[in-house]
Structure formats: structure tokens, C-alpha cells
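Biologist: I would like to learn how to read a protein model. Please take me through it one feature at a time.

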Amino acid sequence: MVTAGLTVKDKTGASIGQVAGVKTDASGKQVATIKMGADSFAVDTSALAVDNGVATINATQAEIKSMMKKK
């Protein structure tokens with residue numbers, strides 16, 4: 001289960017940030033806000049794999065940063 005405070009790692013295993021919060025969006029999906037340094041982004045909790053208190057996203061930190069710039 002994704003909860004606030006979990007450490008977030010990218011697919012390489014590098015720690016990239018922390019879950020700042022989890023909320024339900026208008027469609028009923030659980031969405032996690034990930035704080036990555038000064039930046040933050042939202043992701044469907046189904047995109048995060050949780051194991052031993054760590055959430056892992058299937059992207060690298062560089063891929064995430066490039067997606068954030070496109071918005």
C-alpha cells in the first residue's frame with residue numbers, strides 16, 4: 001500500500017524522493033504525489049510497486065524529469 005512518507009526509488013534502485021501524500025481523484029483512482037527535491041509530480045499508485053517500505057516507479061529519474069518538462 002502506498003502511503004505518505006514512503007521513500008521512492010527509480011527503476012535503477014536510486015532513491016529519488018518521497019511520497020508527500022495520497023488522495024483519490026475524481027475518477028476514483030488513488031494518486032500519489034511524489035516530492036523529488038524542489039519538484040513534485042503525481043502518479044497513479046498502481047504505477048508504484050511497494051516492497052519493504054519502499055515504493056519503486058518503473059522509470060529512471062532522468063525519464064521522470066524529462067516528462068515533467070513537457071507539461
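Biologist: Does threonine 60 count as buried or exposed?

Modeller: This is a predicted model, where local features need pLDDT of at least 70 and side-chain atom pairs count only at pLDDT 80 or more, while totals for chains, interfaces and linings use all residues. Residues are numbered from 1 along each chain as its sequence is written, and side-chain values use heavy atoms, with hydrogens and water left out. Buried means under 20% relative accessible area, exposed over 50%, and partly exposed in between, with a 1.4 Å probe and protein chains only. Threonine 60 has 17% relative accessibility, so it counts as buried.

Biologist: Where is threonine 60 found, and which residues does it touch?

Modeller: Helices (H or I, at least four residues) and strands (E, at least two) are DSSP runs, numbered from the N terminus. Threonine 60 sits in the loop between strand E6 (54–57) and helix H1 (61–69). Contact means heavy atoms within 4.5 Å. Not counting residues up to four places away in sequence, threonine 60 touches Asp10, Lys11 and Thr12.

Biologist: What can be said of phi at asparagine 52?

Modeller: Most residues other than glycine have a negative phi. Asparagine 52 is not a glycine, yet has a positive phi of about 55 degrees. It is found in the loop between E5 and E6. At 74% relative accessibility, asparagine 52 counts as exposed.

Biologist: Which strand holds valine 50, and which residues is it in contact with?

Modeller: Valine 50 lies in strand E5 (residues 48–51). Leaving aside its neighbours within four places in sequence, valine 50 is in contact with Met1, Val2, Leu6 and Ala55. Its relative accessible area is 34%, so valine 50 is partly exposed.

Biologist: How far apart are valine 50 and aspartate 10 in sequence and in space?

Modeller: They are 40 residues apart in sequence and 12 Å apart in space, C-alpha to C-alpha.

Biologist: How many helices and strands are there in the protein chain, and what pattern does it follow?

Modeller: The protein chain has one helix and six strands. Along the sequence, the pattern is β-β-β-β-β-β-α. The radius of gyration is 11 Å, close to the 11 Å that the globule rule gives for 71 residues, so the protein chain is as compact as a globular protein of that length. That radius is taken over C-alpha atoms, and the globule rule is 2.2 Å times the number of residues to the power 0.38.

Biologist: What share of the residues is buried?

Modeller: Buried residues make up 28% of the 71 residues in the protein chain.
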